[in-house]
Amino acid sequence: MSPAKSSHGNFFEDFRLDQEFVHAVPRTVSTGDTALYSALYGMRFPIQSSDAFATSVGLPCAPVDNLLLFHIVFGKTVPDISLNAIANLGYADCRFLGQVYPGESVTARSRVIGLRENANRKTGIVYVRSTGYDRNGRPVLTFVRWVMVAKRDIASPSAVASVPELPRIVSADSLLIDDSIDLCGYNWDLAGSPHAFEDYRVGEKIDHVDGMTIEEAEHQIATRLYQNTAKGHFDERLQRESRFGRRIVYGGHIMSLARSLSFNGLGNAAFVAAINGGRHVNAATAGDTIYCWSEIVDRQPVAGRTDLGALRIRTTVTKDVPFMQVLESDGDDAAVILLELDYWALLPARHASYE
Amino acid sequence: MSPAKSSHGNFFEDFRLDQEFVHAVPRTVSTGDTALYSALYGMRFPIQSSDAFATSVGLPCAPVDNLLLFHIVFGKTVPDISLNAIANLGYADCRFLGQVYPGESVTARSRVIGLRENANRKTGIVYVRSTGYDRNGRPVLTFVRWVMVAKRDIASPSAVASVPELPRIVSADSLLIDDSIDLCGYNWDLAGSPHAFEDYRVGEKIDHVDGMTIEEAEHQIATRLYQNTAKGHFDERLQRESRFGRRIVYGGHIMSLARSLSFNGLGNAAFVAAINGGRHVNAATAGDTIYCWSEIVDRQPVAGRTDLGALRIRTTVTKDVPFMQVLESDGDDAAVILLELDYWALLPARHASYE
Amino acid sequence: MSPAKSSHGNFFEDFRLDQEFVHAVPRTVSTGDTALYSALYGMRFPIQSSDAFATSVGLPCAPVDNLLLFHIVFGKTVPDISLNAIANLGYADCRFLGQVYPGESVTARSRVIGLRENANRKTGIVYVRSTGYDRNGRPVLTFVRWVMVAKRDIASPSAVASVPELPRIVSADSLLIDDSIDLCGYNWDLAGSPHAFEDYRVGEKIDHVDGMTIEEAEHQIATRLYQNTAKGHFDERLQRESRFGRRIVYGGHIMSLARSLSFNGLGNAAFVAAINGGRHVNAATAGDTIYCWSEIVDRQPVAGRTDLGALRIRTTVTKDVPFMQVLESDGDDAAVILLELDYWALLPARHASYE
């Protein structure tokens, strides 16, 4: 046997500060991918669902959902960065830099921006900035994440610790939106939800009401759609020996389920413009029913735009306990929280509609 | 919390006679959607499967399967019409008005054409005519359905009852078929089935032989493909408290399974031209194995056409009991019937083939 | 009932030497199909994944994965050839004759090249050569397979036995590769794997490391994607009475799982050029976790090409036992082998890269 041909991924001592990774695998995102993505979550946001609706707001056709793009770029980083991750600790400063359309070929690169061995010397934290590129090398999204990675050898010498300073939130000033987009043409009737940017107030909480039960086949198909190779999602035999005892559902699948469920209450949150942070508090497993609610954390204009505004939204995802029940129990105690996702969404402003 | 932002759907007292709904969500149907649809059911009808075959009968490319179009339009009506439905009581007068091709953007509207409160005052029947439109506002299919909807408040005053007259069947005279279609070019060998319009006789029964076992992931993916938000298909926790005790499989998924299985015996039933009626007698659940058989109820020419004719077909779908076993038990007693679907299909006439 | 309308498939006595079958169903392979295929297995080979990468090696866009094409053509042969098969005994001389691109319409034909009744007179072996064609009638792949088929009537007279001579392996001389392909432009960094044709030696064994657990919904969706109607994959009720006691996973699904897993160790095995043979030793069932390893059996230049070479690879697929464990147990005893697949793959040669 030649173990050298197959990869077991990088361990903590394999990473160097400023190291650059050109990730496999280049990928063209097709309408086949967007259709499957939509059917895995039941997405209903109109700009991503309909070419005709997208055209009515200035786009050439329905763009690829930003979260699908995020999951695809994220997936590419897994074999190099997190195959031996014990935990995905966080995301920061995730910014979407422009719409991507079906037919686009995407690649991804990462740079190591921080390293810190843990006190137990068995693991360390790796910080990377990952960026996705279109066919012409133009960046389409960028984000930082940090993961706890196992060491191959506990005796390996420790690099000098270097922890990057990361923005706690993406500044509303830095949100980018394509010049071609003009939400004055937004058709509120067809979109199905009457609530405009102006209708949300800071501190408001929104119950997304509906629940969705997870199946093994669904999260596996989703994770493979993202070409994400994290073993914990696929290998039931291996997972039996893990602390979970079975395959886990985590990360992108939960984020997109929450995004889809949030349509009921945030139906005009047309674009995810940035992700301030995400905390996967617990893993789900097949059979869990996912619920979520959101809190409006901030509300900001977008520079140079009167047709839309930005809401900072914190969505909490739980399993098996809908929000009404959480409220009744006077706190979050009743809920097993899976994810807290803090993001900026762009919504059409009502006053800007054509008259 | 602001319950106002999220929707809990309409209750019986929310509907008004002649009320019009512009449904969310506009949707472009792509080859990604048709590929997934095909793979969920194993569709094999050649015109919808092959661009080359479709071209040979006069179409520009393989059209979107009429039932997929029906499910998509139906799905759009759910959040407004039937989110609080206790039962889908029936369909009538469903007519397909022209072929739709991948890339088409579809929208849907409904009008309330009847209302009748039930004697118990807890529920009422809502009758709607729903119509799907293409990008240019041309109607592509229309149908009536009626559902039993819960009242929010049993004390709400009752509207004056108004029950529409509905055609028991779609008249063969009113079946529409695109002028561009010419089934004289139909390649019987490639289609795989030798039986032409002329070969079926009224009263004939056809055993579709094969069975297919339903999985949770499959009906969920299908239902989300249709952007149908009916809770009973998705929320296992909620359904545990229902009379079913678990998620149910119902409606479109059963119809399309039956259509696919019917290829064995009705392989040249090229187009579903109209649905006269459908009765979902029982709900299925994951793990059930679906079988079906059909009876030829009527056989009619189509005005102005010699290349094809219309068969009225009544398909009975059962769970876990194939038709041979039903026959042996001398009646339907052995079978749990899920669906009785009464529709018009168009089949090529043999005599019209090019010579 | 008219049993004549539906088909129960051919039995051994229905086949005649030199008999030709034009198989249903013509099929256009879309990017929807390739996206779903990719997501069912997590394919990561770059030429099939990215239009931009495919263009960089001389192709117009990402071609359809050869194994997807094989499964689709195979699927078409099932209703005519193997609906009453008791066992798929083998494949031979499978050659891919040129790349196929999304949008291509595919058809298939088979010829009976051998027949031999078994001594028990209950079954016989049917040998067929099956060929897939593009829209213009150009053959795109061809293969021989032989299956054990039940007789309808044990008393039926036996045809004279005729067993074809089949090549044990496809000669490296006969491997075909499109003239337009030039792997000198192969981007090793983007492909993600540094190992070139020259880096593999005959006798080398490669552990593909990763495992994937099979779900019912996944293999059913895959098998329907191939329009393959073999009952054993779909009808749980029928299968309860079989020797397996439940639905089985077999054939194409296992082959493509192995191909996807083999990316870890054979990431530059860009094209499956030919299949020398395949032996489905055991059936898998949902819940099994699939592992595999490969042995390099031969290494040959390809006539007229310096940019690539051919490796003959024998991949062994097991369930629930990874290769490391097989090695430790000093033999294959520990493993339930599902499939042994012997194929030629084309890999870029390192020395030929542009300088």
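Of the 355 residues in chain A, 60% count as buried. Please keep in mind as you read that this is a predicted model.

Let us begin with the overall form of the chain. Chain A holds ten helices and eleven strands. Its C-alpha atoms fill a box of roughly 70 × 50 × 35 Å along the principal axes. A compact globule of 355 residues would have a radius of gyration near 20 Å, and chain A agrees with this because its own value is 20 Å.

| β5(A), residues 139-150 | antiparallel | eight | Arg95(A) and Thr142(A) |

Now to the neighbours. Where chain A touches chain B, the contact takes 41 residues from chain A and 38 residues from chain B. Several elements of chain A give two or more residues to this side, including the helices α2 (46-49), α3 (51-56), α5 (188-191) and α6 (216-225), along with the strands β6 (205-207) and β7 (212-213). Which element gives the most to the side of chain A that touches chain B? That is α1(A), with eight residues. By class, this side of chain A has 16 nonpolar, 15 polar and ten charged residues.

Finally, the relation between copies. In general, two copies of a chain are related by a rotation about an axis and a shift along it. Here, chain C is superposed on chain B by a rotation of 120° with 0.0 Å of shift along the axis, at an RMSD of 0.0 Å. The two copies are therefore related as by a three-fold rotation axis. In chain C, the C-alpha nearest that axis belongs to Gly32(C), 2.1 Å away from it.

Why do the copies meet through different surfaces? Only 18% of the interface residues of chain C are also interface residues in chain B, so the surfaces through which the copies meet are different.

Terms used
Residues are numbered from 1 along each chain as its sequence is written. Chains are lettered from A and ligands numbered from 1 in the order in which they are written. This is a predicted model: local features need pLDDT of at least 70, side-chain atom pairs count only at pLDDT 80 or more; totals for chains, interfaces and linings use all residues. Helices (H or I, at least four residues) and strands (E, at least two) are DSSP runs, numbered from the N terminus. The radius of gyration is taken over C-alpha atoms; the globule rule is 2.2 Å times the number of residues to the power 0.38. A residue is buried if 20 or more other C-beta atoms lie within 10 Å of its own, exposed if 12 or fewer, and partly exposed in between; C-beta atoms are placed from the backbone. Two residues are in contact if their C-beta atoms, placed from the backbone, lie within 7 Å. Ala, Val, Leu, Ile, Met, Phe, Trp, Tyr, Cys and Pro count as nonpolar, Asp, Glu, Lys and Arg as charged, and the others, Gly among them, as polar. Two strands pair if DSSP finds at least two bridges between them. Copies are superposed by least squares on the C-alpha atoms of residues with pLDDT of at least 70 in both.
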